[in-house]
Each structure stands twice: as structure tokens, then as C-alpha cells.
Amino acid sequence: NRSSDLKDEAPVPEVEDEDEDETRSAEAEPVTTEIERSPASPTSFYTGPSVGKAIVVQDFLPSAYDEESLALKKGDIVTVITNPPSGSWTGEIGGKIGGFKFVYVQML
């Protein structure tokens, strides 16, 4: 008989839920979507060959998972490293080299 087999098993202890406050404190901080730049340091750190300089005409904030694209803020000066006809350019801002679309900049 199955019901008599269940009576012989040891009772299962109840597990208490973790405190909600501890769970919240372990969560990651929210990602900031605002681009922060220091206006006092617009200088380029890139010293290799370049196509020229361009000014950013429209803000662009890449996905948090995109580590290869540059975050662009209107008024920034980009050192353009490559500008192939495909429109996916490579440049440098504030020591970071990355990709961006040509539509966000105007060559100086």
C-alpha cells in the first residue's frame, strides 16, 4: 500500500525565504544612460594616422552590451581613424577607440 510507505519517510524541513533587503542590496546598480564628458579635456590621445577631425552633430548612446562603439555627445570632437564608404567609421574620443556611424558627425 503506497500510503503506508509515505508515513515511514522523514518529514521535510521547511526552508525560510531569504530576507528581501539582502536580495536588493546584492543587485547591481542601475546603468546610467547619460553621457558624461569633461569639457576641460577634449584632447585626443590617439597618435597614429588619422583621416581628420569631426564634430558630433547628434548624440548616440550604444547599448550597454556594445563595448566596441563610441558614445557620442553633440559637440564632441572625434579623431577619425578610418572612414570607409560603408559608413561605419572608427574614431577616438577621450582615449577610447571605437566604431560609430558617419551620420552622427560632420568632418571639420
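The paragraphs below take up the sheet, the core and one loop in turn.

The model is a predicted one. Its sheet is open and consists of five antiparallel strands, arranged in the order E4-E3-E2-E1-E5. Strands E4 (96–101) and E5 (105–107) lie at the edges; each has a single partner strand, so one side of each is left without a neighbour in the sheet. From one strand to the next, the twist averages 40°. The pairing of E1 with E5 is antiparallel and runs over three bridges. In this pairing, Ala54 stands opposite Met107 of E5.

Ala54 also belongs to the largest nonpolar core, which has 11 residues in all. Its other members include Val56, Val78, Val80, Trp89 and Ile93, as well as Leu70 and Leu72. E1, E2 and strand E3 (88–93) are the elements that give two or more residues to this core.

The loop between strand E1 (52–56) and strand E2 (77–82) holds Phe60, and Ser69 is found in this loop too. Is Ser69 buried or exposed? Ser69 has a relative accessibility of 16%, under the 20% cut-off, and therefore counts as buried.

Beyond its neighbours within four places in sequence, Ser69 is in contact with Phe60, Pro62, Lys96 and Gly99. The side chain of Ser69 also makes a polar contact with that of Asp66, at 2.6 Å. Phe60 and Lys101 lie 41 residues apart in sequence, with 9.4 Å between their C-alpha atoms.

Methods
Residues numbered from 1 in each chain as written. Predicted model: local features only at pLDDT ≥ 70, side-chain atom pairs only at ≥ 80, totals over all residues. Heavy atoms only, no water. Helix = DSSP H or I, 4+ residues; strand = E, 2+ residues; numbered from the N terminus. Buried < 20%, exposed > 50% of the residue type's maximum accessible area, 1.4 Å probe, protein only. Polar contact = N/O pair within 3.5 Å; in protein donor to acceptor, adjacent residues only side chain to side chain. Contact = heavy atoms within 4.5 Å. Core = buried A, V, L, I, M, F, W, Y, C linked by side-chain atoms within 4.5 Å. Pairing = 2+ DSSP bridges. Axes fitted to C-alpha atoms, helices over the stretch in contact; angles between N-to-C directions.
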